There are 2 protein chains.
Amino acid sequence: MATVHSEKLLQAQSMLEPNQVWLIAVRESLEHPEPGLKLVAGVEVTWASFFLVSKQHAVAIVGRYDADAMPTDWKVIPYDEDVAPILQAEISKLAPSEILLNYAHEPLCDGLTHGMYLQLVEMLPNAPFASAEPFLGKLRSQKTPLEQEYIAQAVARAEVDLEAMTKALQIGWSERDVADFLHQGLRRDGLEPSWGWAGCPTVHIGPLARPSHAGPSDRQLELEMLLHIDYGVRLEHGYCSDIQRTYYITKNEPTPPILEQVFKDCWNAIEAAAQVLKPGVQGFMVDAAARASLTKAGHLEYKHAVGHGLGRATHDGGTLLGPRWARYGQEPFGVVQANEVYTLELGVFVEGHGFIGLEEDVLVTENDLRWLSNRQNTLIRLTIS
Amino acid sequence: MATVHSEKLLQAQSMLEPNQVWLIAVRESLEHPEPGLKLVAGVEVTWASFFLVSKQHAVAIVGRYDADAMPTDWKVIPYDEDVAPILQAEISKLAPSEILLNYAHEPLCDGLTHGMYLQLVEMLPNAPFASAEPFLGKLRSQKTPLEQEYIAQAVARAEVDLEAMTKALQIGWSERDVADFLHQGLRRDGLEPSWGWAGCPTVHIGPLARPSHAGPSDRQLELEMLLHIDYGVRLEHGYCSDIQRTYYITKNEPTPPILEQVFKDCWNAIEAAAQVLKPGVQGFMVDAAARASLTKAGHLEYKHAVGHGLGRATHDGGTLLGPRWARYGQEPFGVVQANEVYTLELGVFVEGHGFIGLEEDVLVTENDLRWLSNRQNTLIRLTIS
């Protein structure tokens with residue numbers, strides 16, 4: 001059976017030009033994970049290691065003790081004392097006119113450290129190095145069928161967990177209690193939160209909780225309060241989900257109309273983005289649609305992108321559905337393609353009540369948008385007695 | 001109470017020259033952990049973030065949503081759309097004549113990605129950038145009292161776990177069963193293996209298991225076999241241990257003299273290294289002592305360094321107790337200092353029996369060597385009926 005790594009390796013080879021070699025250089029991968037390597041080979045390395053991919057070849061030059069752990073679709077060349085002559089010989093054999101390295105403005109295509117870059121320049125003087133960003137961004141973004149399935153599984157798991165959490169939830173629970181409940185379920189099953197134990201989930205309870213990446217606090221749940229949660233699960237295969245849900249906690253009081261209205265405004269803004277999100281549009285256009293919808297409804301602009309790629313990383317790189325701000329570089333200018341998976345997310349802070357945030361995960365296909373998450377269509381009332 | 005992070009931040013400030021600024025640049029830290037940042041601030045960041053440290057100042061320029069999570073000993077400057085003007089202004093204020101960046105030959109001092117380096121060059125043209133390697137290697141290596149205590153705790157935990165494992169061990173257990181037993185204990189207590197779930201522990205059973213970083217196999221334990229294990233624990237505070245133990249499994253047969261002899265040769269080689277390991281010697285001298293002892297006893301040279309720094313990372317960087325091989329760069333030329341923690345490790349493969357490996361963790365002080373691990377002095381006989 002093809003693994004997702006070998007599926008991605010074949011995809012990478014199909015995307016490369018005949019004259020190109022993609023070179024992944026990495027060492028001490030547990031301390032310095034290389035997002036590109038994690039995509040095409042699920043292995044860890046200790047000594048300086050060099051993975052060469054061309055249309056026809058996949059060669060792993062690794063330290064002696066790492067050699068046995070390499071996957072079978074790589075030709076493995078182990079070394080002991082000096083890797084430079086081996087690397088030089090393999091590059092000479094492949095004779096590429098372009099060597100793509102993992103450096104980029106986009107974070108997930110930027111796995112090469114500067115020190116390793118300097119070593120490469122020393123070992124391969126005058127080599128035709130170029131940024132792998134256009135190639136690697138496409139490789140990350142274009143999800144294979146197995147990747148699509150894995151992400152859908154991760155979304156389903158997050159939804160099951162949130163459902164269980166809402167059933168267990170009690171008045172008096174703190175933000176931390178909510179996070180602990182979800183963490184217990186993950187630990188029990190040997191899983192991880194999509195973006196680390198400290199920050200995932202983020203939980204916001206009540207009128208004083210402002211959205212941030214800070215961990216959950218001791219603020220406690222009371223009746224007639226908002227509960228907002230941003231949560232995702234990384235399954236065994238490494239693929240992630242990332243969704244936000246907002247609940248109104250009540251005994252039997254009706255939901256305040258202002259909250260119903262703000263939720264609807266958020267939903268409409270997500271819908272506006274979804275209407276625009278299809279192959280051929282640029283990322284910033286999707287963001288602009290949501291931003292315009294929300295500000296037209298009288299709300300402040302959200303201070304982030306309306307959506308990002310989702311896959312083996314929560315912020316999976318490639319095209320960003322974001323505004324053309326300096327810090328985003330070229331990422332919002334990318335063109336959306338079929339088989340890409342994105343989040344759609346935004347929120348509004350309601351004075352006196354708290355944060356209403358909404359986030360869905362979607363797959364772009366040639367003809368339509370497939371919602372991977374069960375879309376939240378109303379502010380969910382959680383009746384707790 | 002001082003945290004280990006604030007202790008390291010103060011130490012960093014004490015080590016910097018008045019004209020220097022140490023600049024840590026990082027984003028999406030869950031995908032790209034920055035080993036230097038993990039040392040002085042236990043935080044994760046999402047957007048491009050810049051941590052500036054001078055003798056008097058510690059400034060964190062981070063995205064709006066990360067700001068709340070920053071530790072209190074940093075002055076926090078949040079941003080939304082464009083970080084460049086803020087970074088430029090802060091650098092102008094500090095007016096350093098040298099800006100140390102985390103790029104290096106040594107892996108743990110090489111946390112800066114090449115893409116981030118290019119962004120820095122663009123945002124701060126003509127800035128006086130230099131490698132942080134000499135400074136950062138020293139900061140990693142010189143363990144504070146709290147770091148020393150944390151490492152000792154991690155060693156003690158690994159020893160307790162191995163003791164429990166040897167009590168539970170049964171004939172017929174596979175290498176995987178041994179690993180699973182240790183993993184269960186770690187998961188129960190919310191801990192992690194020092195170098196990841198896939199590779200830690202490494203377990204070698206019997207005459208066919210050759211040392212490698214590959215995961216444990218299905219090879220099963222029988223009587224009169226060697227069991228070798230390389231294991232370490234990362235405690236909640238992030239500090240690690242790394243020890244190797246070798247056992248001989250027996251009902252009541254005596255240990256074959258050849259195994260006793262090889263164990264003694266390994267022990268003597270470790271002892272030879274320990275005799276040399278003191279402030280002022282260069283790393284390669286320590287390795288040479290062990291290597292000479294082992295080859296003099298008629299064994300093949302081990303294909304690695306006799307020791308590496310140990311701390312927040314298993315291979316913690318700084319001076320390496322290794323041979324002057326090309327792949328090790330300048331690291332074996334470093335000078336050993338007091339308050340450094342090292343492993344001492346080597347092994348011999350005995351045809352027909354398997355691998356005998358030994359690894360201890362030691363603290364270098366001004367006057368003597370403190371063994372953090374309870375030294376293994378004989379080939380441990382495990383009597384299983």
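I began with chain A and found that its secondary structure comprises 9 helices and 15 strands; these are DSSP runs numbered from the N terminus, helices being H or I of at least four residues and strands E of at least two. I noted that this is a predicted model, in which local features need pLDDT of at least 70, side-chain atom pairs count only at pLDDT 80 or more, and totals for chains, interfaces and linings use all residues. Residues are numbered from 1 along each chain as its sequence is written, while chains are lettered from A and ligands numbered from 1 in the order in which they are written.

Next I looked up burial. In chain A, 52% of the 385 residues are buried, meaning that 20 or more other C-beta atoms, placed from the backbone, lie within 10 Å of the residue's own.

I then turned to the domains, whose bounds come from an automatic or database domain assignment. Chain A has domain 1 (4–140) and domain 2 (145–383), and their centres, taken over C-alpha atoms, are 34 Å apart. Their contact involves 12 residues of domain 1 and 16 residues of domain 2; two residues are in contact if their C-beta atoms, placed from the backbone, lie within 7 Å. On the domain 1 side, helix 1 (4–15), helix 2 (35–40) and helix 5 (133–141) of chain A each give two or more residues. Helix 2 of chain A gives the most, with 3 residues.

Last, I examined helix 7 (residues 175–188) of chain B, which has 14 residues. Its buried residues are E175(B), D177(B), V178(B), A179(B) and L182(B). Their cover includes helix 6 (145–168), strand 8 (202–205) and strand 9 (226–231) of chain B. After helix 7 of chain B comes G190(B), with a positive phi near 65°.

Conventions: Buried ≥ 20, exposed ≤ 12 C-beta atoms within 10 Å, placed from the backbone. Expected span 1.5 Å × (residues − 1).
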